[in-house]
Amino acid sequence: MKTPIVCLAGPTAAGKSATTLAVAQRWPMEIVNVDSAVIYRGMDIGTAKPTPQERRQVPQHLLDIRDPAESYSAAEFRADALRLIEEIRARGRVPLLCGGTMLYYKALREGLSDLPQADAAVRAAIDAEARQHGWPELHRRLAVFDPDTARRLAPNDSQRLQRAIEVYRITGRPMSALLAGAASQPEDPYDYHTISLEPSDRLALHARIAARYRQMIEAGLIEEVRALHGRGDLHPGLPSIRCVGYRQIWDYLEGETNLATAIERAIAATRQLAKRQLTWLRAQPERHVIDCLAPDAPERVVAAIERILGANAPHP
């Protein structure tokens with residue numbers, strides 16, 4: 001039998017980080033962060049990165065492993081996560097994968113396709129076209145040569161649209177075809193169980209998202225983005241600066257909008273992110289759903305993990 005591994009997933013602002021601290025009181029846990037934003041150094045407030053005190057309570061992995069000018073792929077995440085799971089288990093502790101980057105979960109559970117590496121020149125050309133015509137127009141063009149990929153992408157999902165167009169221009173084949181025909185990765189020895197924190201009331205989650213982002217602004221998010229903006233080597237084409245909540249403040253610092261509009265756009269973009277995360281999760285029928293708005297949500301998560309681990313759970 002495969003070893004069960006717990007994945008705590010959910011949309012942004014669902015309370016995943018707080019729940020992990022409750023879980024860590026029950027078992028000797030170590031957290032493997034499944035988050036494409038917390039990997040960047042100097043991006044702490046807008047990513048809701050665990051505080052130093054929280055890190056002392058429970059060991060955290062895949063935090064601050066890249067400079068914002070650097071990239072980090074799903075393939076690198078998969079390799080790092082598998083290595084960390086093995087190391088954590090060798091220490092007699094429980095690995096808990098926690099985060100909301102669904103592409104990373106997909107890479108870990110399903111393996112990776114043999115897609116081409118990023119090409120800076122191709123990406124720069126696509127970005128130039130987007131500035132001239134807008135991402136919705138590039139989405140329309142994508143639908144001509146890769147309708148399957150276009151159907152699953154939003155017209156303003158710039159990062160994924162750029163990648164889909166880039167793949168086609170490099171290979172001459174639609175990304176959907178490459179993904180469908182890709183060879184699967186060697187099977188790993190783990191059985192991944194997803195506990196999904198989902199809201200019973202989406203409007204309540206929206207209120208949480210707005211309140212949390214405004215708290216980030218009060219905590220110094222503008223100054224954090226200003227420090228990144230002032231470096232001179234970063235730009236909106238980088239995955240780090242495209243992170244939700246950062247790109248909008250970046251535009252404000254560039255003089256493209258006022259602060260109030262930037263904040264509202266960031267909140268709207270975060271809501272859209274949460275919608276995409278929930279859509280992905282709801283396509284996973286085997287997940288165990290827990291209402292993130294329930295006052296006893298952490299206790300429910302603990303009970304679910306106890307059932308999953310069974311005899312595999314080490315003693316506290």
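**Entry 1: the domain interface**

I looked for salt bridges (a side-chain nitrogen of Lys or Arg within 4 Å of a carboxyl oxygen of Asp or Glu) across the interface of domain 1 and domain 2, and the rule finds zero. I was working on a predicted model, in which local features need pLDDT of at least 70 and side-chain atom pairs count only at pLDDT 80 or more, while totals for chains, interfaces and linings use all residues. I kept in mind that residues are numbered from 1 along each chain as its sequence is written, and that side-chain values use heavy atoms, with hydrogens and water left out.

For the bounds I took the domain assignment, automatic or from a database, which gives domain 1 as 3-111 + 186-309 and domain 2 as 120-181. I noted that their C-alpha centres lie 25 Å apart, and that four residues of domain 1 are in contact (heavy atoms within 4.5 Å) with six residues of domain 2.

How much area do domain 1 and domain 2 bury between them? I read about 390 Å², 37% of it on carbon and sulfur atoms, where buried area is the accessible area (1.4 Å probe) that two parts lose on being put together, summed over both. In domain 1, I found that Pro239, Arg242 and Arg276 lose the most area to domain 2, together 83% of what that side buries.

**Entry 2: the sheet**

I traced an open sheet of six strands in the order E3-E2-E4-E1-E5-E6, with parallel pairing; strands are DSSP runs of E of at least two residues and helices are runs of H or I of at least four, numbered from the N terminus, and two strands pair if DSSP finds at least two bridges between them. Strand E3 (60-61) and strand E6 (288-291) each have a single partner strand, so one side of each is left without a neighbour in the sheet. I then followed strand E2 (residues 29-33), which pairs with strand E4 (residues 94-98) in the parallel sense over five bridges, and I noted Leu96 in E4 as the bridge partner of Ile31.

**Entry 3: two helices**

I placed Arg152 in helix H7 (residues 147-152) and, leaving aside its neighbours within four places in sequence, I found Arg152 in contact with Met175 and Leu179.

Returning to salt bridges, I noted that the count comes to 26 by this rule. I looked up the one between the side chains of Asp80 and Arg83, at 3.5 Å from N to O; these residues are three apart in helix H3 (residues 74-90), which means that about one helical turn separates them.
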